[in-house]
Each structure stands twice: as structure tokens, then as C-alpha cells.
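The following exercises concern one protein chain, to be worked through with the sequence and the coordinates at hand. Each task is followed by a stepwise solution.

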Amino acid sequence: MPDFSKNKLAIAVAGLVVVAGLVGAAYYLGLKQAQPATAVAAAAAPSAALGQAGNGPQQQGKVTVDPNAKFTHFRVGNRNVKSMLLDGKILWVGTSGGLIRYDTRSDEYRLFDSRNGLLSNGVFHVSKLGDRILVGTYGGGMSLYDQGSDKWETFNISEGLGDAFVYGTLKAANGDVWVATWSGANRIRGGALKERSQWDLFTVENTRGGLPNDWVYGLAEGKNGEIWLATEGGLARFANGQWDNWNHAKGLGAPFEKVKDDIKFNSDPAQVSSHHAKQKEEMGLQGVSVAYNPNYIIALQVDRDGAVWCGTWGGGLARFDGKSWRNYTVADGLPGNHVFMLYQDPAGRLWIGTNNGLARRDGDRFVVLSTEQGLFSNSVFSMVAGAAGDLWVGSFGGVAHLTAP
């Protein structure tokens with residue numbers, strides 16, 4: 001593994017802090033490491049970071065970065081970067097403190113939050129629906145941004161949304177729009193968002209347990225048009241009007257005995273949440289006092305072959321081929337057993353964001369990238385790849401940009 005210097009040149013700027021890595025010319029994961037780089041601050045404001053400026057969050061500004069730098073960090077303050085979207089040359093960064101629009105050509109950025117259109121500063125999901133940017137928020141519903149008019153439109157419980165907490169969306173091949181919420185999954189038939197009669201809500205109750213849990217965390221479409229749903233109670237499939245589901249008892253997630261020595265989070269959510277306590281009781285995990293729930297699927301991805309990948313809370317990475325499961329853990333080379341993010345890049349490669357680094361699946365093994373190789377943080381929550389092979393990787397506090405050679 002290449003030796004990377006941890007020296008950095010940090011320059012604080014209004015709204016953003018740019019950190020250019022000072023490392024040698026080496027290659028890793030097909031990404032060229034940084035040459036010595038410089039950054040020039042525009043409207044310099046020492047100690048200012050997005051969401052942490054002296055007079056409150058800075059809503060727009062500009063930074064200038066050495067265009068020859070191959071490795072750059074962008075700080076966003078004490079915020080999680082939960083989702084990213086690369087739309088041409090515009091990078092949209094969804095954080096727990098708002099949505100950032102970053103122009104990779106001009107280095108101009110703009111922050112959207114509750115002061116200019118969103119109902120909640122917490123952004124969990126960013127995607128695109130038609131020509132509009134779609135944002136799923138913590139408690140503020142689902143908002144769509146029209147760049148031409150510079151206006152937001154929000155859909156909430158009164159419009160048919162199952163819950164104001166939105167974790168993901170999906171536009172299916174047949175035109176239906178699916179929304180993952182804390183209280184079930186919405187289907188908007190034909191994508192007719194403004195027609196209340198076209199909104200359906202699927203819950204544990206009205207699917208008679210077909211949806212195993214009302215907390216729906218992710219969505220994906222299969223090769224044959226089936227809809228896969230990641231929940232806190234396992235994986236569900238909706239196809240031809242019928243529901244199926246799988247949980248740990250059916251093969252999802254590694255057993256506790258295999259992962260117990262590699263659980264890094266010792267706090268037990270069941271001690272502070274009746275919701276999580278109930279989940280633990282249903283699984284028979286009352287004696288487990290660390291963060292482990294293999295039924296809880298945090299990340300979901302269907303690959304080009306139609307296999308379903310599930311990132312679990314402490315149970316590692318699970319692969320389902322439609323008939324059987326295979327689970328991957330730290331023992332198999334995965335850097336961490338808490339899988340926060342799954343992403344398939346344009347080349348078809350699967351990337352896995354964990355609590356202990358980023359991994360790329362290479363055959364039946366994993367190639368790992370960590371802060372020692374340039375990540376901003378080892379807890380990886382989001383990622384997007386550019387057309388040139390460059391990577392944007394989101395974590396707590398910032399985004400790392402690695403540029404392909």
C-alpha cells in the first residue's frame with residue numbers, strides 16, 4: 001500500500017474550507033494521488049466553515065483551487081454529508097445543515113436551507129426528477145427545486161406523503177415515483193405528484209406484513225421492474241402486486257458470533273429508544289448490548305446482473321441472488337461491518353461505504369481506501385463518480401475529491 005503523507009495545506013474561506021493534500025505521485029484504486037497543491041482563498045474568513053461562520057451559515061461564495069491538484073478536501077463544518085448528486089458539472093451536496101450547490105467549473109457555491117426554501121435543514125437524500133432537483137429531508141417532507149425559476153415546491157403529509165422524514169426516492173421505468181419514508185413507502189402512479197388520487201401508501205398494516213417494517217430506508221428497481229425496499233426489519237420486494245420479504249432468519253446479515261469482535265459502536269440504541277428496543281426484542285437480541293441489528297438495512301443497490309446488495313447495521317454486507325444469501329464481513333476483507341452506503345459507478349464497480357473506510361469490490365475481494373489514502377473521514381455516507389473517473393466521497397464534516405489520472 002502506498003505511503004501517503006498526512007501533511008495538508010488548509011485555507012479557510014467564507015462558507016467552505018478547502019484542504020489540498022500534500023502527497024507524492026502514487027496511484028491507488030486507479031486514482032492519482034495529489035501532487036503538491038495550493039489553494040487561493042476568495043473573501044477569506046479564518047475559522048469559517050459552512051454552517052459555522054461568525055454570523056451564521058454563509059449562503060453563497062466562491063473558492064479557488066489549483067486546477068492541477070488531484071486530491072482536495074471540502075469541509076462543511078459539523079455536518080454529515082448524507083447524499084450527493086453530480087448533475088453535469090454541478091455537484092449537489094446534501095448535508096445535515098442544508099443543501100449545497102457547488103459549480104465545479106467556477107468553484108461557486110450556494111447553500112439552501114430553511115431560510116431560502118427548505119422546510120428542514122436536514123437533508124438525507126438528493127436526486128433528480130425530470131429537470132428538478134429532489135431533496136428528501138428530516139421532518140420537512142420532499143422538496144423539488146426548479147433551477148430556472150429559483151423556487152422550491154414541497155410535498156408533505158397533506159399532499160399524501162407517508163411521513164415528513166424522507167430517506168430516498170426512485171422513479172421506476174414505468175413512470176411511477178416511489179418515496180421511502182419513516183412511516184411506509186409511497187407510490188405515486190405515473191409520477192402524478194399533484195394528483196392526490198394517484199398517491200398510495202404501503203405500510204406493514206395494509207400489506208399484511210408484506211412490508212416488514214414501516215421505516216423504509218432505501219429503494220431500488222430490479223431487472224424485471226420489481227421494486228426492492230430496504231427497511232429496518234429486512235428486505236422487501238414488490239412485484240406484480242405481490243409482496244415478499246427476507247430477514248436475518250432467512251439469511252440476511254452475518255450472525256452476531258461472527259461479527260461481535262468487530263463491532264465498533266458500543267452504544268446500544270435500545271437503551272434510549274423504545275422503537276429500537278422493540279426491534280431488538282423481536283429479533284431475540286436482548287442480550288446484545290452493542291450496535292448490531294442485521295435486519296436493519298441502511299444501504300441498498302441492485303447491480304447490473306440483478307443481484308441485490310444490502311448494507312446492514314453491524315451485520316456486514318449481504319448479497320441476494322433471488323434464491324440465496326451471502327454475507328461479507330471484516331473477516332472477508334470488508335473494512336467495517338456497519339455499511340452506510342452502496343454505489344455502482346458508471347463502469348459497473350460496486351463501492352461500499354462503511355464505518356471504517358471505503359471499499360471497492362474486486363471479484364470476491366475488497367480493495368480498501370481510508371484516511372491514510374486521502375479520505376476526509378473513514379465513516380463514508382455518500383459517493384458519486386464523475387464521467388472522467390473521479391470520485392466525490394462524503395462523510396462527517398466534508399467531501400473528498402479524488403481525480404482520475
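**Exercise 1. In the hairpin of β20 and β21, which residue takes a positive phi?**

Solution. Gly 225 has a positive phi near 85°, in a hairpin with 5 residues between its strands. Strands here are DSSP runs (E, at least two residues), and helices are runs of H or I with at least four residues, numbered from the N terminus. The model is predicted, with local features requiring pLDDT of at least 70 and side-chain atom pairs pLDDT 80 or more, while totals for chains, interfaces and linings use all residues. Residues are numbered from 1 along each chain as its sequence is written, and side-chain values use heavy atoms, leaving out hydrogens and water.

Next, consider the pairing. Strand β20 is joined to β21 (residues 227–231) by 5 bridges, and the two run antiparallel; strands pair if DSSP finds at least two bridges between them. Glu 221 has Ile 227 in β21 as its bridge partner.

Finally, consider burial (under 20% relative accessible area with a 1.4 Å probe, protein chains only; exposed is over 50%, partly exposed in between). Because 5 of the 6 residues of β20 (residues 216–221) are buried, this strand is largely enclosed by the rest of the structure.

**Exercise 2. In what order do the 4 strands of the open sheet that includes β16 stand?**

Solution. The order is β16-β17-β18-β19, with antiparallel pairing. β16 (166–171) and β19 (199–202) are at the edges with a single partner strand each, so one side of each has no neighbour in the sheet. From one strand to the next, the twist averages 20°; the axes behind such angles are lines fitted to C-alpha atoms, and angles run from 0 to 180 degrees between N-to-C directions.

Within the sheet, β17 (residues 177–181) and β18 (residues 184–188) pair over 5 bridges. Ala 180 stands opposite Ala 185 in β18.

**Exercise 3. Which residues touch the most other members of the largest nonpolar core?**

Solution. A nonpolar core is a set of buried Ala, Val, Leu, Ile, Met, Phe, Trp, Tyr and Cys residues joined through side-chain atoms within 4.5 Å. The largest has 27 residues, of which Met 84, Leu 358, Met 383, Trp 392 and Val 393 touch the most other members. Elements giving two or more residues include β8 (71–87), β9 (90–95) and β32 (380–385). β33 gives the most, with 6 residues.

Trp 392 can then be examined by contact (heavy atoms within 4.5 Å). Not counting residues up to four places away in sequence, Trp 392 touches, among others, Phe 74, Met 84, Tyr 102 and His 401.
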